[in-house]
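User: I should like to learn how to read the features of a protein model. Could you guide me through this one?

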Amino acid sequence: MEKINPYYKLIEQILADFRITANGMQDKYELRSFSTIVNKLKRDADRKLHPETIGKIEKALNIIIDDSDPENITYKVLEPPVTNKISNISTNGIAIEGAKTIGIVDSLTEGIEEMRKDILAYTIKQSDKTDIFKVGEDVLIDTSEEIKTNDIVIVKQKNGEVKIKKCIVNELFLILVDKDFNVEQIDYSQIEYMYRLYGNVIKY
């Protein structure tokens with residue numbers, strides 16, 4: 001029985017699952033010479049897919065390819081990145097344990113022209129993972145703004161951990177950076193909620 005290139009089998013599966021042709025992939029996602037690459041894989045059972053091409057396919061289709069086992073190459077679709085636009089956000093702070101809405105008379109609201117129900121006050125707890133703020137310190141959380149790289153964010157993971165650090169937004173995962181520039185990657189699927197801190201006055 002003629003051996004079939006496992007990378008070719010993978011590409012054929014992906015094309016079938018996404019209901020697109022090799023030419024369609026080439027045109028829609030600007031994957032240069034993609035049809036030629038597929039044909040070469042079909043003709044050569046031992047030919048491998050170049051890592052750069054794998055990366056382009058992953059980025060185009062929001063998938064991750066696992067070729068750790070050369071005889072059983074698989075892929076999975078990644079969940080879309082979590083943003084701060086979460087359906088269960090409540091203006092009374094229910095979505096963020098320990099947070100509360102703030103009033104115009106609160107000292108924390110200095111510089112805010114009007115009371116905003118999308119800005120919550122939050123008191124740093126002992127269990128929070130942060131090297132920026134002290135326990136008991138109050139911060140403001142803005143639930144209305146899009147999160148961008150270098151924002152200081154409050155992230156609650158599904159395991160219950162709350163982390164408050166600078167972030168780098170990546171298509172595949174969230175990166176948190178501490179003051180010593182140690183980095184931590186968190187899969188978006190493991191995040192319960194994520195919001196930016198109001199003002200972002202912390203720079204490092």
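Analyst: The dialogue below takes up the features of this model in turn. The model is predicted: local features need pLDDT of at least 70, side-chain atom pairs count only at pLDDT 80 or more, and totals for chains, interfaces and linings use all residues. Residues are numbered from 1 along each chain as its sequence is written, and side-chain values use heavy atoms, with hydrogens and water left out.

User: How many helices and strands does the protein chain have, and in which order do they run?

Analyst: Helices (H or I, at least four residues) and strands (E, at least two) are DSSP runs, numbered from the N terminus. Here the protein chain has 4 helices and 10 strands. From the N terminus on, the order is α-α-α-α-β-β-β-β-β-β-β-β-β-β.

User: What share of the residues in the protein chain is buried?

Analyst: Buried means under 20% relative accessible area, exposed means over 50%, and partly exposed lies in between (1.4 Å probe, protein chains only). Of the 204 residues in the protein chain, 40% are buried. The accessible surface of the chain, by the Shrake-Rupley method with a 1.4 Å probe and, for residues, with only the protein chains shown as cover, comes to about 12500 Å². Carbon and sulfur atoms hold 48% of that surface.

User: What do contacts tell me about separation along the protein chain?

Analyst: A contact means heavy atoms within 4.5 Å. Among the contacts of the protein chain with a separation of 6 or more, 49% join residues 24 or more positions apart.

User: How far apart are the end C-alpha atoms of helix H1?

Analyst: The expected span of a helix is 1.5 Å times one less than its number of residues. Helix H1 (residues 6-17) has 12 residues and should span 16 Å; its end C-alpha atoms are 16 Å apart, which agrees.

User: Which residue caps the N-terminal end of H1, and what follows H1?

Analyst: The cap is Asn5, with a side-chain oxygen 2.7 Å from the backbone nitrogen of Tyr7. After H1 comes Arg19, in the loop between H1 and H2. Most residues other than glycine have a negative phi. Arg19 has a positive phi, near 50 degrees, and is exposed, with a relative accessible area of 80%. Asn62, in the loop between H4 and S1, likewise has a positive phi, near 55 degrees. Asn62 is partly exposed, at 25% relative accessible area.

User: Which residues of H1 are buried, and against what do they pack?

Analyst: The buried residues of H1 are Pro6, Tyr7, Tyr8, Leu10, Ile11, Ile14 and Leu15. They pack against helices H2 (22-28), H3 (34-43) and H4 (51-61), and against strands S1 (63-66) and S2 (74-77).

User: Where do the buried residues of H3 fall, seen down its axis?

Analyst: An α-helix has 3.6 residues a turn, so residues three or four places apart point the same way. In H3, Phe34, Ser35, Val38 and Leu41 are buried. Seen down the axis of H3, they fall within an arc of 125 degrees (taken from the directions from the helix axis to the C-beta atoms), so they line one face of the helix. They pack against H1, H2 and H4.

User: How many residues does the largest nonpolar core have?

Analyst: A nonpolar core is a set of buried Ala, Val, Leu, Ile, Met, Phe, Trp, Tyr and Cys residues joined through side-chain atoms within 4.5 Å. The largest has 20 residues, and those with the most contacts inside it are Ile11, Leu15, Met25, Phe34, Leu49, Ile57 and Ile65. Two or more residues come from each of H1, H2, H3, H4 and S1, and H1 gives the most, with 6 residues. A second, separate core of 14 residues includes Ile132, Ile152, Tyr195 and Leu197.

User: Is Lys163 buried or exposed, and with which side chain does its own make a polar contact?

Analyst: A polar contact is a pair of N or O atoms within 3.5 Å; within protein, one must be able to donate a hydrogen and the other to accept it, and residues adjacent in sequence count only if both atoms are side-chain atoms. Lys163, in strand S7 (residues 162-169), is buried, with a relative accessible area of 6%. Its side chain makes a polar contact with the side chain of Glu184, at 2.3 Å.
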